Amino acid sequence: CACAAMAAAEACVGQVVLPGDVLLLPAHPDEDGERLRLGTAAAPRGRLLCGPGLRRCAAGLLVTKCGLLRHRPAGGGAAAGGAYWVDSQQKRYVPVKGDHVIGIVTAKAGDVFKLDVGGSEQASLSYLAFEGATKRNRPNVQVGDLIYGQFLVANKDMEPEMVCIDSSGRSSGMGIIGQDGFLFKVSLGLIRKLLAPKCEIIQELSQLYPFELVLGMNGRIWVKAKTVQQTLIIVNILEASEYMTAVQRKQALAKLSGN
Amino acid sequence: FMQRGLDSQTKKQLEEEEKKIISEEHWYLDLPDLKEKESFIIEERSFMPCEDLLYGRMSFKGFNPEVEKLMVQMNSKWKEEEIEVDDKMEADVSDEEMARRYETLVGTIGKKFLRKRDHRVLQDEDEDGNSNTRPSKKAKKKFLKPQD
């Protein structure tokens with residue numbers, strides 16, 4: 001692949017990019033002219049989403065992480081306008097606002113719980129941030145419990161804060177994760193692969209036996225099945241699926257379903 | 001600074017003087033206003049909007065029915081922007097039973113009101129014969145002096 005520091009963004013999609021590369025966006029007409037034109041005609045690009053691993057710079061987008069450049073073309077739905085991001089692999093999680101993560105309660109300090117989310121700092125979770133919690137009606141959270149919540153505040157200057165309710169006040173599945181089950185850690189890239197819309201691994205596993213799964217964006221997965229053996233089998237498959245090819249995985253699953 | 005009994009005028013003068021002092025000492029940059037450029041690129045540090053990831057809690061083969069309901073709800077939210085409200089609420093009582101109960105209910109409550117005074121009739125009387133009824137009522141209510 002071309003090692004040029006500057007290249008057009010579209011040319012690099014699907015190729016490895018390194019920190020320091022500048023991706024040039026297609027030249028756009030004069031700003032003032034565009035401001036006037038955007039009003040009448042539909043903007044050809046709309047708003048461009050500059051995802052993780054990329055930063056804005058004078059010429060275009062500056063790469064800050066090494067990995068493969070991905071692009072999603074503009075389309076209707078959640079984000080109008082195209083999106084560029086770098087698909088990188090790492091094991092260490094950095095808290096990001098809006099991410100759903102699994103945290104382990106490490107301390108109860110008055111009205112606030114301290115959670116370990118795998119980042120550089122512990123996240124804080126107020127006892128009022130649960131559905132139906134009031135000053136009198138406190139949630140029953142003990143040290144060592146698992147909590148599934150999302151980040152309300154997560155930047156490099158402040159201590160991360162988590163909540164277990166969404167903006168409308170409903171829990172929508174967040175909160176204390178129940179008893180039993182098994183928690184283990186995988187790399188962040190695997191989590192994203194498993195959470196992709198049509199993940200083969202998940203589909204194949206769901207055919208095996210009934211189980212419950214919680215995936216946290218901080219690399220933590222919690223699995224619960226009817227027996228300990230089934231739980232451990234699922235854990236082993238998920239951990240190994242990072243490096244297994246599709247063929248190997250199908251073979252392993254065939255052996256299991258045969259047994 | 002804040003003195004009692006100051007007139008409003010002198011107060012205003014004092015404030016103006018303070019403002020002048022502040023504005024003269026107030027430092028400002030002598031640079032021209034920078035135009036806001038590139039407002040169409042949004043920086044995003046999360047992977048969620050980029051890759052359309054699914055919801056993190058999953059359950060298969062009926063292990064946890066609540067989570068399965070949630071899965072359907074949360075994942076369809078991303079595909080269809082409109083959240084479908086429950087069109088048909090599952091009724092606790094069937095329609096037939098409701099109709100039967102309602103029939104008897106209307107009868108029993110209706111009987112209760114047969115005993116009571118008919119307020120509609122009273123109101124009609126008032127409206128029709130104002131002049132007739134009012135003096136008679138007034139006559140009744142007035143204290144009747146015992147005749148010697």
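Predicted model: local features only at pLDDT ≥ 70, side-chain atom pairs only at ≥ 80, totals over all residues.
Across all chains, the count of salt bridges comes to 12. Side chains of opposite charge can pair when their charged atoms come close. I shall take three of these pairs in turn, and then one serine.

The opening pair is A:Asp87 with A:Arg192, whose closest N and O atoms are 2.9 Å apart. These partners belong to distant parts of the chain, 105 residues apart. A:Asp87 sits in strand E8, residues 83–87 of chain A, while A:Arg192 sits in helix H2, residues 188–194 of chain A. Are the two partners buried or exposed? A:Arg192 has a relative accessible area of 6% and is therefore buried, since buried means under 20%. A:Asp87, at 24% relative accessibility, counts as partly exposed.

The next pair is A:Asp116 and A:Arg220, whose side chains meet in a salt bridge at 3.1 Å, N to O. Here too, distant parts of the chain are linked, the two residues being 104 residues apart. A:Asp116 belongs to strand E10, residues 112–116, and A:Arg220 to strand E17, residues 220–225, both of chain A. With a relative accessible area of 26%, A:Asp116 is partly exposed, whereas A:Arg220, at 9%, is buried.

I turn now to A:Glu212 and B:Arg57, which form a salt bridge at 3.3 Å, N to O. Which chains does this pair join? A:Glu212 lies in strand E16, residues 211–215 of chain A, and B:Arg57 lies in strand E2, residues 57–60 of chain B, so the pair joins two chains. A:Glu212 counts as buried, at 4% relative accessibility. B:Arg57 is likewise buried, with a relative accessible area of 9%.

Salt bridges that share partners also build one network, which joins A:Arg70, A:Asp87, A:Arg192 and B:Glu51.

Finally, I come to A:Ser126, which is found in strand E11, residues 123–126 of chain A. Its relative accessible area is 30%, and A:Ser126 is therefore partly exposed. Which residues does A:Ser126 touch, leaving aside those up to four places away in sequence? They are A:Asp111, A:Val112 and A:Met162. For A:Asp111, which is 15 residues from A:Ser126 along the chain, the separation of the two C-alpha atoms is 6.1 Å.

Key. Residues numbered from 1 in each chain as written. Chains lettered and ligands numbered in written order. Heavy atoms only, no water. Salt bridge = Lys/Arg side-chain N within 4 Å of Asp/Glu carboxyl O. Helix = DSSP H or I, 4+ residues; strand = E, 2+ residues; numbered from the N terminus. Buried < 20%, exposed > 50% of the residue type's maximum accessible area, 1.4 Å probe, protein only. Contact = heavy atoms within 4.5 Å.
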